[in-house]
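Welcome! Take a moment to look over the model below, and then we can walk through some of its helices and loops together.

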Amino acid sequence: MGIIINQNVFTLHTDNSTYQMKVDDKGILLHTYYGQRTDETDYSYLITIADRGFSGNIPQSGDERGYSLDTLPQEFPVWGGGDFRVNCLQADLGTGVNDCLLVFDSYKTYHGKYALEGLPAMFASGEDRVDTLEILLKDYYEEFYVRLLYGVFEADDVITRAVVLENKSQKDISFNRIMSTCLDINNSGWDMIHFYGRHAQERQTERTALFHGITELRSTRGASSHQHNPFVILAEKNTNEETGCCYGVSLLYSGGFHMQAEVDQTFQTRLVMGIDDSDFFWRLKPGGKFTAPEVCMSYSSTGLSGLSRNYHNAIFKHLIRSTWKEKQRPVLVNNWEATYFDFNAKKILSIAEEAASLGLDMLVLDDGWFGKRDTDFSGLGDWYVNEEKLGCSLEELVHKINDIGLMFGIWFEPEMISEDSKLYREHPDWAMVVPGREPVRARSQLVLDMTREDVQEYIKERLFSVLDSANIQYVKWDMNRSIAAAYSAKLPGGQQGEMRHRYVLGLYSVLEALLERYPDLLLEGCSGGGGRFDAGMLYYSPQIWCSDNTDAVERLRIQYGTSFAYPMSTVSAHVSVCPNHQNGRVTPLKTRGICAMQGTFGYELDLSKMTEEEKSIVRNQVKSFKEHYRLFQFGNYYRIVSPVENHDVTVWEYADKNGKEACLAAVFTDLYGNAISHIVKFRGLCPEGKYKLFRDGEFEGEYTGAALMQGGILLPVPKEDYDSFQFYVCLEEDEG
Ligand code: GLA
């Protein structure tokens, strides 16, 4: 078991990290260690007790002025008790003010992983080396309990945390802040790496030093958002891809979130993360419980690369449930950038025919097939096939597509409603609009009140009816606006602060029902591209459309940022037409293919309009992706040259977990006269292995793994704008 309890000291071990906490003589649950794997020494000897002045002393500390929650590292700091730093809970336990003081009550451990009702959570099977520790804290005065849950994934070097609040008192309890985790570190000087952006520019990477005071990231948008991602890294100054220490914190939640990192007066660092509390208020009746979303934490002493691999492996093994996880993902063509709203069945079939002849596996029919939907001003909510527009039924269309040899997928945006829709005319109160006020529109649409059961039932009925009407293997679940005023006609006035979280719970319950009914459905998440690319969503959809930006060069930065927290098999990426629709850039088709192969591969253009030369390139791309899909889907991913730090070339690699083969891609982002050559080094090979090296399919020579990793290879000099190269190596005995 990875959990060792020695009197009042709780030590959690994964293979390469150790996490420790201790109940002190005042009953406070201190955080004493998180870092490289070590022993069960009681690390509380590292805590300084000293009177810092103006730091409060709790009743249990008597005359001990130096004992203050304001300076102690803790597992679950709350507001009250004289800790003035950022905290995990602001609760009114019936006194009329926020004030709480938590002390240790009891604990239990068991083999396996706790589950969370209605929320995504990592899971484990019986054979996995995964254990749970539950620690129950209680308010010093009231029958109010906080259950801290820890999942210890020994082999994967991650520890999950979640929190359940339990009101066993006779009073109503309310809280306006509940964070899922606190990471107290006993020093400062940390860099924070985070992923900011905007629509079509998601997950740009920024590294910044924490300062004395609070650094915060949040989404107030009702979704995890394009603007910030609920994943953050704290890294030592010198940490780079291969060396140095770093922590990752990932929130498994798809709504708004809040992350704060505070460097305090005694040079300690505290990081808290949880549900966005800017417009949050929750009332807990006697007997009521509240579960805060899970976080997944990891520590790496082998740099950022090691940290990412921990997340990639843990998410793949313990978060993604889809039956498609292990299966070869279909190479698909999506008609969005090919036709936008202007299509009928004939047009779709012409694309499908071409797709089949080029070796693709699936056609995805995007926005515009339902209700009155020839522009984005109308139709959302009316999930009835527009047979007049298609010229046939969906069943007939899908039949023909299946006959051509392709699977079929379809787009929905279930959480939304257009005012110009039958649904809105019948149920205006299903939209979240504050009574007596004009709605705030975005993309000319409103958001459905996902907290309502009747809304959930309607969505399920419509989705199920469409999915039952034809042979549909894939659904792209989109969400194309942020939530401004979150109002429900069903909730009492004093509880409107619960809306945003209840919305997310409603969404999760519909997604769960969908997957329960169609366990083999391939669900692709989407929110105007990657506006809801978070670990919560990956519990439901094994892949997410990474960005509405399909320009290969901009995708280098977006996919680079995404790779820190999420496995590349979750990153949906397509080849689109040039000039690119988002920025007008022209890139070689070869490069667009190489960039899209960084994730789950597909096309988003009118294949029927391609020249014969282009078609032959596409045919080869599809063939090559399928030949190597195991590497792309299951291999270890390495960021080798960063598009943020290097403006000449970006390089990444996939290596088989046993080092038998690898694929390294290089995309040039600048050109020079009299150019110099770049050397890049492979990772993850067997040093003594003898490898055959191929460049763009052509045999180049034989090298040892040591030569490829320590010496490296010379990249060719680019011959045109955005030139690119793909290198493949395999052990000689494994070739073929
Ligand atoms: C969003 C998605 C796109 C496309 C459109 C359709 O922007 O990200 O891929 O599906 O909606 O309206």
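At what angle do α7 and helix α8 pack, and how far apart are their axes? Before the answer, please keep in mind that this is a predicted model.

**Two helix pairs**

α7 and α8, the latter spanning residues 499-517, pack at an angle of about 30 degrees, and their axes are 10 Å apart. That angle makes α7 roughly parallel to α8. The crossing in which α7 passes α8 is right-handed. On the α7 side, the residues that meet α8 are Gln456, Ile459, Lys460, Phe464, Leu467 and Asp468, and their partners in α8 are Gly506, Ser509, Val510, Ala513, Leu514 and Arg517. Sorted by class, this contact has six nonpolar, three polar and three charged residues.

Another helix pair to look at is α3 with α5. Here the packing angle is about 15 degrees, with the axes 9 Å apart. α3 and α5 are therefore roughly parallel to each other, and their crossing is right-handed. From α3, the residues Ala345, Ile348, Leu349, Ala352, Glu353 and Ala356 meet Leu397, Lys400, Ile401 and Ile404 of α5. By class, this contact of α3 with α5 has eight nonpolar residues, no polar ones and two charged ones.

| Helix pair | Packing angle | Axis separation |
|---|---|---|
| α7 and α8 | about 30 degrees | 10 Å |
| α3 and α5 | about 15 degrees | 9 Å |

**A closer look at α5**

Let us stay with α5, which covers residues 394-404. Which of its residues are buried? They are Leu394, Leu397, Val398 and Ile401. Seen down the axis of α5, these buried residues fall within an arc of 95 degrees, so they line one face of the helix. Among the elements that cover them are the helices α3 (345-357), α4 (387-390) and α7 (453-469), together with the strands β21 (362-365) and β22 (407-412). Just after α5 comes Gly405, which takes a positive phi of about 110 degrees.

**Backbone details in the loops**

Now for some loops. Which residues other than glycine have a positive phi? One of them is Gln7, with phi near 55 degrees. Gln7 sits in the loop between β1 (3-6) and β2 (9-13), and at 74% relative accessibility it counts as exposed. Ala200 is also a residue other than glycine with a positive phi, near 70 degrees. Its place is in the loop between β11 (191-196) and β12 (204-209). Is Ala200 buried or exposed? At 12% relative accessibility, Ala200 counts as buried.

A further backbone detail is the peptide bond from Cys578 to Pro579, which is cis, with omega near -5 degrees. To find Pro579, look in the loop between β28 (571-576) and α11 (589-596).

**Loop residues and their contacts**

Glu242 belongs to the loop between β14 (231-235) and β15 (246-251), and is partly exposed, with a relative accessible area of 34%. Glu242 and Ser301 are 59 residues apart in sequence, yet 9.0 Å apart in space from C-alpha to C-alpha. Leaving aside neighbours within four places in sequence, Glu242 is in contact with Thr302, Gly303, Ser305 and Arg683.

Asn187 is found in the loop between β10 (173-185) and β11. With a relative accessible area of 33%, Asn187 is partly exposed. Asn187 and Arg270 are 83 residues apart in sequence, and their C-alpha atoms are 9.5 Å apart. With neighbours within four places in sequence set aside, Asn187 is in contact with Phe267, Gln268 and Thr269.

Finally, where is Ser421? Ser421 lies in the loop between β23 (416-417) and α6 (422-426), and at 1% relative accessibility it counts as buried. Apart from neighbours within four places in sequence, Ser421 is in contact with Gly379, Leu380 and Asp382.

How values were computed:
Residues numbered from 1 in each chain as written. Predicted model: local features only at pLDDT ≥ 70, side-chain atom pairs only at ≥ 80, totals over all residues. Heavy atoms only, no water. Buried < 20%, exposed > 50% of the residue type's maximum accessible area, 1.4 Å probe, protein only. Helix = DSSP H or I, 4+ residues; strand = E, 2+ residues; numbered from the N terminus. Arc of directions from axis to C-beta. Contact = heavy atoms within 4.5 Å. Axes fitted to C-alpha atoms, helices over the stretch in contact; angles between N-to-C directions. Parallel < 35°, antiparallel > 145°, perpendicular 65-115°, else oblique. Left-handed = near helix turned anticlockwise from the far one by under 90°. Nonpolar A, V, L, I, M, F, W, Y, C, P; charged D, E, K, R; others polar.
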